[in-house]
Amino acid sequence: NADVSMPLNYLDQFDLVFDEDFNGSALDPEKWNTRLTWGPDQVINDEQQYFVDIMNEPEFGYDPFSFNGSTMTIEAIKTPANLLDEANGQRYLSGALSTYDKFDFLYGYVESRVKVSGVFGALSSFYLYHRWAAEQAPEIDIVEYLGYNQYGDEDAFQTYHYRDTN
């Protein structure tokens with residue numbers, strides 16, 4: 001028997017614990033990091049971008065984050081020749097946001113409104129990972145969107161990564 005006492009729209013039963021509309025003119029350093037936990041110099045999954053850490057290196061020479069008063073855009077560009085050494089030779093400059101050491105939660109829900117990139121080679125992603133992601137802790141990919149997918153029309157993926165100790 002189904003429990004019909006729970007309304008279909010029950011999100012109002014939860015407390016909002018984190019909110020960001022990106023309606024200002026800059027990232028809030030109390031909420032965000034512009035570096036992933038492993039730092040800007042670690043290449044993951046043979047990716048070709050360098051995530052510019054503007055919060056720790058504001059004079060890097062490129063800021064991928066821009067604001068128009070109601071949205072934030074992360075723009076990737078081909079790495080200019082004068083920044084190749086600083087970008088560890090990576091072909092593209094991009095940006096990443098993380099709440100590492102700023103915010104975490106045990107129970108709740110997350111949601112996002114994102115316009116993904118359809119550009120060949122782009123990967124737009126929104127995911128949750130454990131504080132110790134490098135130790136093969138669980139990761140939930142809420143969405144990973146491939147700008148171009150060689151495997152067909154299924155461009156958006158949801159995945160749960162975990163380590164099986166057996």
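Phe 22 lies in the segment before S1. This model is predicted. Phe 22 has a phi near 55°, a positive value in a residue other than glycine. Most residues other than glycine have a negative phi. Is Phe 22 buried or exposed? Phe 22 counts as buried because its relative accessibility is 18%, and the cut-off for buried is under 20%.

Asn 88 also has a positive phi, about 55°, although it is not a glycine. Asn 88 sits in the loop between S4 and S5. Its relative accessibility is 41%, so Asn 88 counts as partly exposed.

## Strands and sheet

How many helices and strands does the protein chain have? There are zero helices and eight strands. Read from the N terminus, the elements run β-β-β-β-β-β-β-β.

Three strands form an open sheet in the order S1-S5-S4, with mixed pairing. Its edge strands are S1 (49-51) and S4 (77-78), each of which pairs on one side only. Strands of a sheet pair through backbone hydrogen bonds, either parallel or antiparallel. S1 and S5 (residues 92-94) pair in the parallel sense, over three bridges. Within this part of the sheet, Phe 51 stands opposite Ser 94 in S5.

## The nonpolar core

The largest nonpolar core has 13 residues. Which of them have the most contacts inside it? They are Leu 27, Tyr 50, Val 52, Phe 60, Tyr 62 and Leu 93.

Take Tyr 50. Leave aside its neighbours within four places in sequence, and Tyr 50 is still in contact with several residues, including Pro 40, Asp 41, Glu 57 and Phe 60. Its contacts also include Glu 86, Ala 87, Asn 88 and Gln 90. Tyr 92, Leu 93 and Ser 94 are on the list too.

## Surface and whole chain

Tyr 10, Leu 11, Phe 14 and Tyr 109 make a nonpolar surface patch of about 360 Å². One of them, Phe 14, is found in the segment before S1. Phe 14 counts as partly exposed because its relative accessibility is 40%.

Now the whole chain. The protein chain has 166 residues, and buried residues make up 19% of them. It exposes about 12,700 Å². Carbon and sulfur atoms supply 48% of that area. Consider the contacts with a separation of 6 or more: residues 24 or more positions apart account for 47% of them.

Definitions and conventions:
Residues are numbered from 1 along each chain as its sequence is written. This is a predicted model: local features need pLDDT of at least 70, side-chain atom pairs count only at pLDDT 80 or more; totals for chains, interfaces and linings use all residues. Side-chain values use heavy atoms; hydrogens and water are left out. A nonpolar core is a set of buried Ala, Val, Leu, Ile, Met, Phe, Trp, Tyr and Cys residues joined through side-chain atoms within 4.5 Å. Buried means under 20% relative accessible area, exposed over 50%, partly exposed in between (1.4 Å probe, protein chains only). Contact means heavy atoms within 4.5 Å. Two strands pair if DSSP finds at least two bridges between them. Helices (H or I, at least four residues) and strands (E, at least two) are DSSP runs, numbered from the N terminus. Accessible areas come from the Shrake-Rupley method with a 1.4 Å probe; for residues, only the protein chains shown count as cover. Patches are made of residues with over 30% relative accessible area and no salt bridge: like charges are joined within 9 Å, nonpolar side chains (Val, Leu, Ile, Met, Phe, Trp, Tyr) within 5 Å. A salt bridge is a side-chain nitrogen of Lys or Arg within 4 Å of a carboxyl oxygen of Asp or Glu.
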